[in-house]
Amino acid sequence: MSKRIPTGITRNYLESVALPNHGGRYTPISHKSIIDKVHEELAIRGFNVETELYRANVSGSVANGMYILDQGTDPDMKMMFVWGNSYDKSMRFKCGVGVYIPKTGNYIFAGNLSSYARKHTGKADEEAIAMIQTQLNMANAHYADLLASRDILINQTGTLRSYAELVGRMFIEKNCINKEQASSIRDRIVNEVALLDNLSWDNAWNFYNSVATALRMSHPKNWFEDQAACHKLINSHFALTNLTQMDFPTEFVQDSVQEEVQEPTNQLDLFEVIADMTKPTSPTDVIEDDLSLLAEVPEEVQEQMAIDNALEQKTAEGIANPDEEFFNFGESDLPTFELPEL
């Protein structure tokens, strides 16, 4: 059974959660600095906060913040700003603009907010501020896109089979809802529950809200991805309005939550070194098993090669002592290389 998300999380509680020390390999962004910056940027743009809500895991190390704003042209769809942050390396900072639906208590955002997330590094604070500012600069455009998607859904209906297929894909294929969430959506569909006035149970907007209601049970670290994946799947079925894209540099794209490990740049590749040392460098170097080239090799070189091959074979068979001193008929200084310290 899934763990329940604690309720009654407050701003004061999140601000009091101790910031861990990861030894410089990972720089967490404090919940307090995010909260303060969001309020500052909202005030600069004249966005008044009607309600602020917070979600977190039991330890408070993974948290979401939601700010319902007085901005927007539709009282049934209030503009909302959301963010996610973690102290335990399970989630990079992310943020975005969505909508809050007062009649159902649901939160909806359509953008792939994970694409706007950066790993916590030494510049994490600066990048988080830049993302907050960019998202808020696009707030009105994103709000309009979500209104347009709502209008498309209101004018469409689905069948029991089409909704069953969508829920099945969310659960099995996309893994964006768990079995409890899938069960809750199924119960509302089977019992023909209408969540909104003047809309039938099979209305597409009613179905979307049924999914959004279930997503409120998602863990804070998965909530963004679950929301985006479900929206994208419903979008592909009903052809909703695509979210207005933002011009982010490619380095902002991060696919994995795992801590990245850089490959050493000052170490030799053993196989490349061996290949460089053994590749033919003169006409007297003979390719193994190519007998046609032996005719061009001087007789004394062939004799030396035969001796070398015999010694290698005896060494491999344990007959010759590899530590025994051998005469070298070539250059006195053979090419050498040193292995890096591991």
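Student: How many salt bridges does a search of the whole structure find?

Tutor: The search finds 15 salt bridges. This is a predicted model, in which local features need pLDDT of at least 70 and side-chain atom pairs count only at pLDDT 80 or more, while totals for chains, interfaces and linings use all residues. Residues are numbered from 1 along each chain as its sequence is written, and side-chain values use heavy atoms, with hydrogens and water left out.

Student: Why is the contact of Glu15 and Arg11 called a salt bridge?

Tutor: A salt bridge is a side-chain nitrogen of Lys or Arg within 4 Å of a carboxyl oxygen of Asp or Glu. For Glu15 and Arg11 the N to O distance is 3.0 Å, so the pair meets the definition.

Student: What separates Glu15 and Arg11 along helix α1?

Tutor: They are four residues apart in helix α1 (residues 11-16), which is about one helical turn. Helices here are DSSP runs of H or I with at least four residues, strands are runs of E with at least two, and both are numbered from the N terminus.

Student: Which network of salt bridges includes Arg11 and Glu15?

Tutor: Arg11, Glu15, Lys32 and Asp36 are linked in it.

Student: Why is Arg161 called exposed, and what is Glu165 called?

Tutor: Buried means under 20% relative accessible area, exposed over 50%, and partly exposed in between (1.4 Å probe, protein chains only). Arg161 has 65%, so Arg161 is exposed. Glu165 has 44%, so Glu165 is partly exposed. The side chains of Arg161 and Glu165 also meet in a salt bridge, at 3.5 Å from N to O.

Student: What makes Glu173 and Arg169 a pair?

Tutor: Their side chains form a salt bridge with an N to O distance of 2.8 Å. The two residues sit four apart in helix α5, separated by about one helical turn.

Student: How do you know that β1 and β5 are edge strands?

Tutor: Five strands form an open sheet in the order β1-β2-β3-β4-β5, with antiparallel pairing. Within this sheet, β1 (49-56) and β5 (106-108) each pair on one side only. Two strands pair if DSSP finds at least two bridges between them.

Student: How many bridges join β2 to β3?

Tutor: Seven bridges join β2 (residues 62-69) to β3 (residues 78-86), and these strands run antiparallel. Two bridges would be enough for strands to pair, so β2 and β3 count as paired. In one example, Val62 has Ser86 in β3 as its bridge partner.
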